[in-house]
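Let us walk through one protein model, from a single contact out to the whole fold. Keep the structure in view as you read.

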Amino acid sequence: MPEEWGFLNTGHHNAATNMAIDEALLNWHSRGVIPPTLRFYGWSAPSLSVGRLQRVDKRINFSALERYNCDFVRRLTGGSAVLHDDELTYSIVVTESHPSIPTSVREAYHILTRGILEGYRNLGIQADYAYPSREETIKGRSSVCFEQAAYYELIIDDKKLSGNAQVRKDNVLLQHGSIPMNINEEMLFDLFLFPSERMREKKRTSFCEKAIAINQITNQRHTYDMLVDAFYHGFQTGLDVKFKPMTLTDAQWDEINQLAKNKYTAEMMN
C-alpha cells in the first residue's frame, strides 16, 4: 500500500516568502511536526533566485532587477541562478534516512525526479533523463541554471526542461525545482553582467539552443492549475505515494513570515 505524504499548494507568493516556506517545511519535518511533504507554488513577481554559495558581485545586474521589478533571493540550496516567472515550482522534504532515499545526492535526484518525468508524460511530453558526458561534468555548471543539465535532470531533444537543487540539513533532504511554461530569455540575460553586448547576445543565443519550456514544446498555452494537476499525479505515480492535502495554521504562517522578514528579505537588501 502506498505511503501517505503531505501535499501543500501554496499558490503565488513573493520570493522571500516562498523560500521561507520551503525552509519552514524542512524545519517542521525535522521536528516530526509534518510527514514527508510535496509542495507546489508560484511567484507573485518575476524572481531571480541564486544558489546558497553562488557569487553575485560583478555578476548580477541589480539595476536590471529594479527595471524589471524582479525580486532577488538567495536559496537555501546550491546551484546556479534561476529566473522564476511563468512556471510551476515544487519542493519536497523527506528524511535522509527514509528507505526510498539513497545516500548519494545523484541517486536521490534520480528517485525524486521520477515525479517530474511522469508529470511531463501526463502533458504528452516524452522527456528523459540527462546523462552528461565526463567532459561536461568536468567543465562545471554555468551561472545560469538552464544552460546545462546535470545528472537526472529532465531533457527532450537534448534541451533542458527543468532545474533542480538540493540540500541536506538536520537529517532532512530538501529538493526544489523549476518547471517553466515559458522562459523569458531577454529578461534572464539582462539580469547578468557581461563584458560586452556581443557576449550577452552570444550567451542568449546559446541558451536558446540548450533550454526549452512546456508551451514551446506543445504549441499550447498552459496554466499553473493545469501543471498542478499533471505533476500532482506524476509525483503520485513516480514516487508511489498517496497525498493528503495539508493546510498551514496561523501559527505556522507567523513563523514563515518572521523567517521571510528576518532572513530572506534581509538578504535581499544586502
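A polar contact is a pair of N or O atoms within 3.5 Å, and within protein one of them must be able to donate a hydrogen and the other to accept it. Keep in mind that this model is predicted.

Now find Q54. This residue sits in the loop between β3, residues 47-50, and α2, residues 62-67. The side chain of Q54 reaches the backbone nitrogen of A81, at 3.1 Å. Is Q54 buried or exposed? The relative accessible area of Q54 is 12%. Buried means under 20%, so Q54 is buried.

Move on past α2. The loop between α2 and β4, residues 71-74, holds N69. Look at the backbone here. The phi of N69 is positive, near 50°, and N69 is not a glycine. N69 has a relative accessibility of 61%. Exposed means over 50%, so N69 counts as exposed.

N171 lies in the loop between β10, residues 163-169, and β11, residues 172-180. Its phi is about 65°, again a positive value in a residue that is not a glycine. How accessible is N171? The relative accessibility of N171 is 41%. Partly exposed covers the range between the buried and exposed cut-offs, so N171 counts as partly exposed.

Next, turn to a helix. Helix α4 spans residues 114-122. Which of its residues are buried? They include G115, I116 and L117, along with G119 and Y120. After α4 comes G124, with a positive phi near 80°.

Now step back to the whole protein. It has ten helices and twelve strands. The radius of gyration is 18 Å, close to the 18 Å that the globule rule gives for 270 residues, so the protein is as compact as a globular protein of that length. Along the principal axes, its C-alpha atoms fill a box of roughly 55 × 40 × 35 Å.

What lies inside, and what lies outside? Of the 270 residues, 54% are buried. The accessible surface is about 12800 Å², and carbon and sulfur atoms account for 48% of that area. Then consider contacts between residues at least 6 apart in sequence. Of these contacts, 76% join residues at least 24 apart.

The protein carries 30 positive and 34 negative side chains. The centres of these two sets lie 6 Å apart.

Technical notes:
Residues are numbered from 1 along each chain as its sequence is written. This is a predicted model: local features need pLDDT of at least 70, side-chain atom pairs count only at pLDDT 80 or more; totals for chains, interfaces and linings use all residues. Side-chain values use heavy atoms; hydrogens and water are left out. Buried means under 20% relative accessible area, exposed over 50%, partly exposed in between (1.4 Å probe, protein chains only). Helices (H or I, at least four residues) and strands (E, at least two) are DSSP runs, numbered from the N terminus. The radius of gyration is taken over C-alpha atoms; the globule rule is 2.2 Å times the number of residues to the power 0.38. Contact means heavy atoms within 4.5 Å. Accessible areas come from the Shrake-Rupley method with a 1.4 Å probe; for residues, only the protein chains shown count as cover. Lys and Arg count as positive and Asp and Glu as negative; His and the chain ends are not counted. The place of a charge is taken as NZ of Lys, CZ of Arg, CG of Asp or CD of Glu.
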